[in-house]
Amino acid sequence: KSMMEESNLPLTVSISKLEDYLQCSICMNSLSSTTVTSCGHRYCFTCIKEWVDRKHTCPCCNARLEQSSLIKDHQFDSLIATITCEREREEEKYFESLINSVSHEETSNIPLSPVEKVLQSHLKRSLAAHEKYLQNLRAEFHRKMVTLDREHCKAISDLQIKNLSQEDLTQQTSDLNNTLIDQKKSLQEELETCTRLIADAFDKHLQSHIPPLEVLPMKVSINVLDKSIHLSDLLLAPADVAVTRIKLAVEEAMKAKGNPVVSWGDDIHFILFGPFAKSNPFEKQQMIREILYNGLEYPDVHVLSPDCRPVLQLGMKPNSEIVIHGSLRCESDLPKRCFVQTFKKDKKETVDYFYCKQCSFKWICRPCMDVCHKGHDVVPYIMNHVPEWACCYCPRKKKCVL
């Protein structure tokens, strides 16, 4: 049969058996712009060109060479490109199988948790990159070993053309053999040391970059039961003092809603409920009263001290809830005051004004609308107005009771 007829046979050839044929014996790298000599040897074009310019001989057989006898081997370049492409494809398959073998066969059918999936994803990329790095290191080691063998063979050949006695030839040959053994042993030790140092460095890197889950930032929700205020996804870092962080988050949220926090009462408490200790609002209120006033304890429920760092100190779990219990006063809790009483000239603020059909006048501020004109037929007049003086007609019309 011809090779074409047998081309579909599932044959595999080890790359290591082909590497010596794909390398330039001058630079010891993969052939680039392959050039073949008249004596049948292949080199990189730039390598052999420079060699011939200087020595006019073939590096392998010492045959006489001239620039005109060098021929570009484009077909061999195509062969190298094909082999390189196939090698990269097989490397990807190898790395994938290597990664998949990390999981034991007996656990391969067990669904992974979200954390395991994250770790596996990073492990795949990291393992593949480090294995490729080690393979490049081993390839460099192999090239160096080939160079030593080639230099040794050349040294032996040089000895044989010298007029040495048999005894001297034997002795010097033995010395060269021993030197080669020592050099190879030294190279092997270097490879093992490099591999060990890489593993040690990687181990230290993982120790510092894959922390235990207990010290990762955690997202929690904040609940002010008395006011039906709920904030979700507040991120608490291990070093965060929870009370300070929560107060700031609540104040920012309430300010954005147009109902800023006025004061935090002395009876304020922050109670942490773990993800499996959460319950309905009524049960929470009851549990909080029993904890604060009767000294009872519940699993995974903690009263936070002013300086508590719950991620570090309590091992707070994600999706926990921190309930605020006590006197939290917002602007809406204050007694209603007419805009005339609260106006500050240097403070630009928007005011909504209304028209009372029953009283037949306009420019009524919202607090007066809610109290002084309660039950009246009131409609919007001007919204989001920025007054430059204490404008509200309620006091002027002697209707204001605020």
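Me: Leaving aside neighbours within four places in sequence, which residues is phenylalanine 270 in contact with?
Reply: Happy to start there, and do keep in mind that this is a predicted model. Contact here means heavy atoms within 4.5 Å. With neighbours within four places in sequence set aside, phenylalanine 270 is in contact with Val243, Ile246, Lys247, Trp264, His302, Val303, Leu304, Ile322, Val323 and Ile324.

Me: Which members of the largest nonpolar core touch the most other members?
Reply: In soluble globular proteins, nonpolar side chains tend to be buried together. The largest nonpolar core of this model has 28 residues. Those that touch the most other members are Ile222, Ile246, Val250, Phe270, Ile322 and Ile324.

Me: Which element gives the largest share of this core?
Reply: Several elements supply at least two residues each, among them strand 4 (218–224), strand 5 (229–236), strand 9 (320–325) and helix 6 (242–256). The largest share is seven residues, and the element that gives it is helix 6.

Me: Within what arc do the buried residues of helix 6 fall?
Reply: The buried residues here are Ala242, Val243, Ile246, Ala249, Val250, Ala253 and Met254. On the other side of helix 6, Thr244, Glu252, Lys255 and Ala256 are exposed. The buried ones line one face of the helix because, seen down its axis, they fall within an arc of 130 degrees.

Me: How far apart are the end C-alpha atoms of helix 6?
Reply: Helix 6 has 15 residues, and at 1.5 Å a residue they should span 21 Å. The model agrees with that expectation, as the end C-alpha atoms are 21 Å apart.

Me: Which residues of helix 2 are exposed on the face turned away from its buried side?
Reply: Helix 2 (residues 45–55) has Cys47, Ile48 and Val52 buried. These three cover an arc of only 120 degrees around the axis, so they sit on the same side of helix 2. Their cover includes strand 1 (34–36) and strand 2 (42–44). The face turned away from that buried side carries the exposed residues Thr46 and Arg54.

Me: What phi does the residue just after helix 2 take?
Reply: The residue just after helix 2 is histidine 56. Its phi is positive, at about 60 degrees.

Me: What percentage of the residues of the chain count as buried?
Reply: Stepping back, the chain has 11 helices and 13 strands. A residue counts as buried at under 20% relative accessible area. Of the 402 residues of the chain, the share that counts as buried is 29%.

Conventions
Residues are numbered from 1 along each chain as its sequence is written. This is a predicted model: local features need pLDDT of at least 70, side-chain atom pairs count only at pLDDT 80 or more; totals for chains, interfaces and linings use all residues. Side-chain values use heavy atoms; hydrogens and water are left out. A nonpolar core is a set of buried Ala, Val, Leu, Ile, Met, Phe, Trp, Tyr and Cys residues joined through side-chain atoms within 4.5 Å. Buried means under 20% relative accessible area, exposed over 50%, partly exposed in between (1.4 Å probe, protein chains only). Helices (H or I, at least four residues) and strands (E, at least two) are DSSP runs, numbered from the N terminus. The arc is that of the directions from the helix axis to the C-beta atoms. The expected span of a helix is 1.5 Å times one less than its number of residues.
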